[in-house]
Amino acid sequence: MPNAKADNQASILWTANDTPLSSAYDDTYYSKEGGREETGHVFLAGNGLPDRWRTMPDFTIGELGFGTGLNFLQTYHRFMATAPKDHRLTFISFEAFPMNPGAMIRALSPWPDLASLTRPLLAIWPPSAGWHTIPFEKAALHLAVGDANATIAEMPRKADAWYLDGFSPAKNPELWGEALMAAVFRNTKDGGTFATYTAAGWVRRNLEAAGFMVERRRGFGRKREMLAGMKNRHGDTAGSRAKEAE
Ligand SMILES: C[S@@+](CC[C@H](N)C(=O)[O-])C[C@H]1O[C@@H](n2cnc3c(N)ncnc32)[C@H](O)[C@@H]1O
C-alpha cells in the first residue's frame, strides 16, 4: 500500500475540470464525467436503492474508500428525500488516507446542496486513526481510519448493501484482494448486495470466490460494464453451486 504521505493524509492534485486526483495512486476520486451521477448509477441503482430502504426501517451500507465523502453525502441526501420519516441509515465506511478539510470542501464544491450537509464531518476532520461515529439527523456514519484489510474485522454490524469504491484495481489492488472480498461477504446480511464501477476479471473472480452471485451491468459514462451482485438469502453461494454442478 503506498504511503500516501508521511502523516497518512492524502496528497491531492486537481485535473483540468477540477476533479480531485490522488498523487499516490494516480487516479481520480470520482468520475470526471460526473461524480454525483456516477454515485447514482453505480452505487445507488446498482444496489437497488432507494427502493430497498423504503421497506427496511434500519438500512446499513458498507463502503470501501470514503474519499471525498461524495458517495455518503449523495446517499444521505437521497435517503432524506425518499425514506419514510421513521427510517434510519447506518453508513460504515473505511478510509486509510483521509483528505485534508480544504481539499474535501473543494472536491464537494460542485454540489452546494451536498456541501451544506458536511458540517458534522468537518467538525472532526481530518479524523485520527481508529473508529469515529458521526451523528446526522437520520443517519449514523461509522468511519474506520486505517487499512480496511485490518479494520474490517471490527465492523460493528453487517451491511445490507456495499459500495466497493477503491481506486482502480490495477493501482490499488490491496482494496480488492481475495481475503478482503471474503471479509466483505462475511459482513453482508443474507440477501445483501454489492455494487462497484469496475468490471475487472480478477475482481469478479474474487467476489465469486467469496460467495457472491455476480453479474455484469452497463457501466457509467465511458465504462462499458460494472459489477453488481448478491449474497443469496439461503446461505447458498456461487461457489457452492459451482461445486454442485461438477
Ligand atoms: C476512489 S476513492 C473513493 C471515493 C469515495 N467513495 C468518494 O465518494 O469520494 C478510493 C479511496 O480508497 C482509499 N483507500 C485506498 N486503499 C485503502 C485501504 N487499504 N484501506 C482503506 N482505504 C483505502 C483511498 O485513500 C481513497 O480515498
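Predicted model: local features only at pLDDT ≥ 70, side-chain atom pairs only at ≥ 80, totals over all residues.

Me: How does helix α1 pack against α3, and what are the buried residues of α1?

Reply: Eight strands, that is 8, form an open sheet of mixed pairing, ordered β6-β7-β5-β4-β8-β9-β11-β10. Its edges are β6 (130-136) and β10 (213-218), each of which pairs on one side only. On average, and with direction ignored, neighbouring strands of this sheet are turned by 20° against each other. Within the sheet, β4 (residues 58-64) and β5 pair in the parallel sense, over 7 bridges. Ile61 has Phe91 of β5 as its bridge partner.

Two helices that pack on the sheet may be described next. Helix α3 touches β4, β5, β6, β7 (139-145) and β8 (159-164), and its direction makes about 175° with that of β5. Helix α9 (residues 201-210) touches β10 and β11 (225-230), and its direction makes about 5° with that of β11.

The helix in question can now be placed. Helix α1 (residues 35-44) packs with α3 at an angle of about 75°, and the axes are 10 Å apart. The two helices are therefore roughly perpendicular, since that term covers angles from 65 to 115 degrees. On the side of α1, the contact is made by Gly35, Arg36, Thr39, Gly40, Phe43 and Leu44; on the side of α3, by Leu70, Asn71, Gln74, Thr75 and Arg78. By class, the residues of this contact comprise 3 nonpolar, 6 polar and 2 charged.

As for burial, 7 of the 10 residues of α1 are buried, so the helix is largely enclosed by the rest of the structure. The buried residues are Gly35, Glu38, Thr39, His41, Val42, Phe43 and Leu44. They pack against α3 and also against the strands β8, β9 (188-196) and β11. Of the residues in the contact with α3, Gly35, Thr39, Phe43 and Leu44 are among the buried ones.

Pro50 is placed in the loop between α1 and α2 (51-55), and the peptide bond from Leu49 to Pro50 is cis, with omega near 10°. Another cis peptide bond joins Trp125 and Pro126, where omega is about 0°; Pro126 is found in the loop between α6 (119-122) and β6. Most peptide bonds are trans, and most residues other than glycine have a negative phi. Against that background, Asp18 has a positive phi of about 70° although it is not a glycine. Asp18 lies in the loop between β1 (12-14) and β2 (20-22) and is exposed, with 11 other C-beta atoms within 10 Å. Asp26, in the loop between β2 and β3 (27-28), also has a positive phi, near 50°. With 13 other C-beta atoms within 10 Å, Asp26 is partly exposed.

Residues of the shell around the ligand come from several elements: α3 (70-82), β5 (88-95) and α7 (148-151) each supply at least two. In total, 24 residues surround the ligand, and the closest are Gly65, Gly67, Thr68, Ala96 and Ala148. The shell divides by class into 12 nonpolar, 8 polar and 4 charged residues.

The strands β6 and β7, both touched by α3, complete the picture. They run antiparallel, joined by 7 bridges, and form a hairpin with 2 residues between them. Across this pair, Thr133 stands opposite His142 in β7. Lys138 lies in the loop between β6 and β7, and its 14 C-beta neighbours inside 10 Å make it partly exposed. Lys138 touches Phe79, Met80, Arg88 and Leu89, with residues up to four places away in sequence not counted. From C-alpha to C-alpha, Lys138 and Leu73 are 12 Å apart in space, while 65 residues separate them in sequence.

In summary, α1 is largely enclosed by the rest of the structure, with 7 of its 10 residues buried, and α1 packs with α3 at about 75°.

Notes. Residues numbered from 1 in each chain as written. Near = placed C-beta within 6 Å. Helix = DSSP H or I, 4+ residues; strand = E, 2+ residues; numbered from the N terminus. Nonpolar A, V, L, I, M, F, W, Y, C, P; charged D, E, K, R; others polar. Pairing = 2+ DSSP bridges. Axes fitted to C-alpha atoms, helices over the stretch in contact; angles between N-to-C directions. Contact = placed C-beta atoms within 7 Å. Parallel < 35°, antiparallel > 145°, perpendicular 65-115°, else oblique. Buried ≥ 20, exposed ≤ 12 C-beta atoms within 10 Å, placed from the backbone.
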